[in-house]
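Please go through the structure below in questions and answers.

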Amino acid sequence: MEEQTKTLQEVESDVADEFSMFDEWLDKYEYLIELGKSLTDYPEADKTDDRLIKGCQSRVWLDYKIEDGRIWFNADSDAIITKGIISLLIRIYSGRTPEEIMSSDFSIVDRIGLKENLSPTRANGLVSMIARIREIAAENNRQ
Amino acid sequence: MSAVDEIRSAFPSLSRKVYGKDLVYFDNAATVQRPQSVIDCWNRIVRDSNANIHRAVHLLAEEATDAYESARDAVQHFINASSREEIIFTSGATASINLAAFSFGEAFVGEGDEVIVSEAEHHSDIVPWQMMCQRRGASLKVLPVDDTGHLRMDMLDSLITSRTRIVAVTHISNVLGLVNPVRKIVETCHSKGVPVLVDGAQGIVHQCVDVQDLDCDFYVFSGHKVFAAPGTGVLYGKKKWLERMPPFMTGGEMVGTVKFSGTTFAPLPMKFEAGTQNFAGAATLKPAIDTALAFRSAGLRENEESVKAYILDKLLNDNRIHLYGKPNALEEKIPLFSFSVEGAHHEDLALIMDKMGIALRSGQMCAEPLMDRFGVTGMLRASLVAYNTMQEAEYFISSLDKAIKMLV
């Protein structure tokens with residue numbers, strides 16, 4: 001768990017910059033695969049149905065906890081490219097307050113071309129993942 | 001020009017590029033590409049002969065009706081049905097099975113009766129029967145497959161009881177790609193007085209189907225898998241069944257007379273074709289069948305066989321790959337290969353190979369019970385037809401190797 005020192009929008013820009021270095025889609029996948037492989041600390045016991053996100057061809061589990069008013073996400077998937085995308089989302093949105101998360105327009109997904117270049121079913125999974133992150137932020141903003 | 005190059009030139013989409021690379025289309029079992037003749041036929045009807053069929057007396061209506069009804073004749077001859085009245089047009093194989101299951105169930109299935117399907121069925125040949133059984137108080141029984149993907153033929157006999165009303169089985173599974181012994185199944189079932197519906201969604205593409213020779217009671221297929229427009233399909237049924245089955249949907253020109261006191265219905269086949277039909281789509285079945293027949297030429301057959309043998313050999317002899325649907329002999333396998341790779345998710349492989357220009361299918365392939373049977377959440381599938389080349393097959397095998405190395 002790392003304290004976020006940059007604003008959410010700054011991290012979004014960092015991610016967009018990193019992706020713009022790759023011209024080829026296969027290179028972007030290589031990068032996502034590396035990110036996916038480095039995401040390892042999701043407990044097997046937490047791969048439960050209530051943490052499973054619907055709408056993905058691959059299975060995605062998303063868990064979170066709240067500490068000091070910040071939401072810390074943890075997630076896993078059985079597909080490695082999806083895991084890479086999850087790790088990007090965690091880097092941007094984990095450790096933020098609900099207000100910060102809700103201030104994001106989530107256009108980062110479009111900016112790095114993930115939505116249009118992933119298969120429609122994958123895009124649905126991505127959309128479901130983001131919808132769940134927003135939902136969690138909204139639920140905890142009210143409390 | 002080789003036979004393959006020649007046939008490829010009839011399919012405009014095969015020359016397109018994806019991500020700057022030549023398209024390698026290996027998702028033919030989901031839907032095949034369409035030849036120019038089918039595109040032209042659809043355009044011609046929509047542009048020149050757009051009128052509702054079977055109703056008006058003007059010229060456009062006559063042209064549209066002719067195109068629609070001559071497609072019915074073409075289908076009749078293509079599958080060697082004994083009468084054109086046994087050919088019902090639907091929106092696809094799924095609609096055909098829904099129609100058959102509903103109407104057959106209404107007429108012939110009651111409390112305590114049984115229906116048998118195989119474990120290798122597509123959801124479209126499971127759920128309609130399941131729903132019908134629920135409505136009629138009947139139960140659904142399952143003919144399993146063995147570890148190689150073959151139907152457990154030894155169990156068929158004992159599964160059939162005096163309460164079995166119908167057996168539904170696929171000609172060729174869309175996952176396993178093995179040609180099932182449907183003729184033998186029909187024989188066994190008929191010896192006990194049980195009719196058989198054959199799901200021919202894949203079979204119609206890769207086999208010469210003769211419904212009189214098979215002696216099946218129903219045979220269904222989709223147009224879009226055999227070169228015709230999407231939203232078209234066929235239900236073949238023996239007249240002796242269709243005549244005794246009530247309509248599935250009602251309305252439009254499928255009636256005899258309509259009074260508030262009651263309605264009589266039109267004779268076959270219109271009894272089962274309620275509402276305005278997809279006449280522009282159905283008409284394309286005629287040029288589509290011409291294409292399907294052209295695919296049976298010796299040159300294309302030879303190409304398909306050698307490409308199939310090459311891929312089968314490569315997949316079987318790669319210890320990273322687990323192939324589902326292992327044939328005992330080459331002729332019982334169609335060029336359809338579902339497999340999984342140790343340590344690599346099917347979706348990751350499909351995504352990477354898409355960017356290499358190769359269109360594959362990944363996931364459950366509408367056959368969740370079969371995925372459960374083999375203990376997987378999904379598979380990767382490459383499905384070819386005779387317009388696919390050896391060069392594409394070689395590129396597929398080397399790209400698969402590259403993709404696996406990226407992931408494992």
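**Helices on the sheet**

Q: Which strand of chain B does helix H4 (residues 93–108) of chain B run at about 35° to?
A: The model is a predicted one. In it, H4(B) lies across S4, strand S7 (164–170), strand S8 (196–199), strand S9 (218–222) and S10 of chain B. The strand that sets the angle of about 35° is S10(B).

Q: At about what angle does helix H5 (residues 127–136) of chain B run to S6(B)?
A: H5(B) lies across strand S5 (114–118), S6 and S7 of chain B. Its angle to S6(B) is about 145°.

Q: What is the order of the strands in the open sheet of chain B?
A: The sheet has 7 strands, and their pairing is mixed. From one strand to the next, the twist averages 20°. The order is S4-S10-S9-S8-S7-S5-S6.

Q: Which strands of chain B stand at the edges of the sheet?
A: A strand at the edge has a single partner strand, so one of its sides is left without a neighbour in the sheet. In chain B this holds for strand S4 (87–90) and strand S6 (139–143).

Q: What span does helix H2 (residues 36–48) of chain B reach from its first C-alpha to its last?
A: H2(B) has 13 residues, and at 1.5 Å a residue the expected span is 18 Å. The span in the model is close to that, at 17 Å.

Q: Why do the buried residues of H2(B) line one face of the helix, and within what arc do they fall?
A: The buried residues are B:Val38, B:Cys41 and B:Ile45. An α-helix has 3.6 residues a turn, so residues three or four places apart point the same way. Seen down the axis of H2(B), the buried residues line one face because they fall within an arc of 60°.

Q: Which helices of chain B do the buried residues of H2(B) pack against?
A: The face turned away from the buried side carries the exposed residues B:Asp40, B:Asn43, B:Arg47 and B:Asp48. The buried residues pack against helix H3 (59–78), helix H11 (279–283) and helix H12 (285–294) of chain B.

Q: Which element gives the most to the side of chain A that touches chain B?
A: The contact takes 15 residues from chain A and 13 residues from chain B. Helix H2 (25–38) and helix H3 (80–93) of chain A each supply at least two residues of the chain A side. By class, that side has 8 nonpolar, 3 polar and 4 charged residues. With 5 residues, the element that gives the most is H2(A).

How values were computed: Residues are numbered from 1 along each chain as its sequence is written. Chains are lettered from A and ligands numbered from 1 in the order in which they are written. This is a predicted model: local features need pLDDT of at least 70, side-chain atom pairs count only at pLDDT 80 or more; totals for chains, interfaces and linings use all residues. Two residues are in contact if their C-beta atoms, placed from the backbone, lie within 7 Å. Helices (H or I, at least four residues) and strands (E, at least two) are DSSP runs, numbered from the N terminus. Ala, Val, Leu, Ile, Met, Phe, Trp, Tyr, Cys and Pro count as nonpolar, Asp, Glu, Lys and Arg as charged, and the others, Gly among them, as polar. Two strands pair if DSSP finds at least two bridges between them. Axes are lines fitted to C-alpha atoms, for helices over the stretch in contact, and angles run from 0 to 180 degrees between N-to-C directions. The expected span of a helix is 1.5 Å times one less than its number of residues. A residue is buried if 20 or more other C-beta atoms lie within 10 Å of its own, exposed if 12 or fewer, and partly exposed in between; C-beta atoms are placed from the backbone. The arc is that of the directions from the helix axis to the C-beta atoms.
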